[in-house]
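Colleague: I'd like a close look at one part of this structure, and I'm new to this. Could you walk me through it slowly?

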Amino acid sequence: INVAWTVENTGAFATTVSWYDHIYLSTDNAWSENDLLLGSFYFGSGLAAGQKTARQGSLFLPETDIIGTGKYLLLVADGGRSQGETNEANNVAALVVEIVAPDLQVSNMTAPATAALAEQVAITWTVTSANEAANADWYDHIYISTDATLDAGDTRLATVW
């Protein structure tokens, strides 16, 4: 995702050192050690008292269990606290985000009702995504089972890319 933000020096003095702005993914609007760091962006020049600077960067969302509503992107200016400041409490900004992902669904599956051992059979199916486009490759696995539920006792017959 592409992000853009503005940092303002609201203090009475110019900044004296470089710093990193950090962007986190959180389940609330307050930064904590449990939040997931998504990226760090270096700022290497001074910022005069009252001066603003527009920043931007790109982030990759990890493939973890982060999907859903009630998520926040947190920007922490001077995330490593390398710049001494009059007020460290105003360095966090929060933005509500919804993280969406593809929802692959199988339909239109066809296969013969009977098959002999070692016989090659034709199986067809359709995979669609219910919401977002699937931007990555995936594998479909075909199993044989004694019931309609996939579990550890089922045998994989094929993998299709």
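Is Lys-71 buried or exposed?

Modeller: Happy to, and keep in mind that this is a predicted model. Lys-71 is buried: its relative accessible area is 15%, and the cut-off for buried is under 20%. You'll find Lys-71 in strand β5, which runs over residues 68-76. If we skip the neighbours within four places in sequence, Lys-71 is in contact with Leu-25, Ser-26, Ile-66, Leu-95, Val-96, Val-97 and Ile-99.

Now let's step back to the sheet. Strand β5 belongs to an open sheet of 4 strands, in the order β3-β2-β5-β6, and the pairing is antiparallel. At the edges sit β3 (36-43) and β6 (92-99), each of which pairs on one side only. From one strand to the next, the twist averages 20°. As background, strands of a sheet pair through backbone hydrogen bonds, either parallel or antiparallel.

Look along the sheet to β2, residues 19-26, which pairs with β3 in the antiparallel sense over 7 bridges. As one example of who faces whom, Tyr-20 stands opposite Tyr-42 in β3.

A search of the whole structure turns up 4 aromatic pairs. One of them joins Trp-19 and Phe-43: the rings are 4.5 Å centre to centre with 35° between the planes, and the pair is tilted. Trp-19 is in strand β2 and Phe-43 in strand β3, 24 residues apart, so this pair links distant parts of the chain. Both partners count as buried, Trp-19 at 4% relative accessibility and Phe-43 at 9%. Another pair is Tyr-24 with Trp-31: here the centres are 5.7 Å apart and the planes are at 65°, so it's edge-to-face.

Finally, the core. The largest nonpolar core has 17 residues, and the members that touch the most others are Val-3, Trp-5, Val-7, Ile-23, Leu-25, Leu-59 and Leu-73. Strands β1 (2-8), β2, β3, β5 and β6 each supply at least two residues of this core. As for Trp-5, leave aside residues up to four places away in sequence, and its contacts include Asp-21, Ile-23, Phe-41 and Leu-75. Trp-5 also touches a run of neighbours: Thr-53, Ala-54, Arg-55, Gln-56 and Gly-57. In soluble globular proteins, nonpolar side chains tend to be buried together.

Methods:
Residues are numbered from 1 along each chain as its sequence is written. This is a predicted model: local features need pLDDT of at least 70, side-chain atom pairs count only at pLDDT 80 or more; totals for chains, interfaces and linings use all residues. Side-chain values use heavy atoms; hydrogens and water are left out. Buried means under 20% relative accessible area, exposed over 50%, partly exposed in between (1.4 Å probe, protein chains only). Contact means heavy atoms within 4.5 Å. Two strands pair if DSSP finds at least two bridges between them. Axes are lines fitted to C-alpha atoms, for helices over the stretch in contact, and angles run from 0 to 180 degrees between N-to-C directions. A nonpolar core is a set of buried Ala, Val, Leu, Ile, Met, Phe, Trp, Tyr and Cys residues joined through side-chain atoms within 4.5 Å. Rings of Phe, Tyr and Trp (its six-membered ring) pair if their centres lie within 6.5 Å; planes under 30 degrees apart count as stacked, over 60 as edge-to-face and the rest as tilted.
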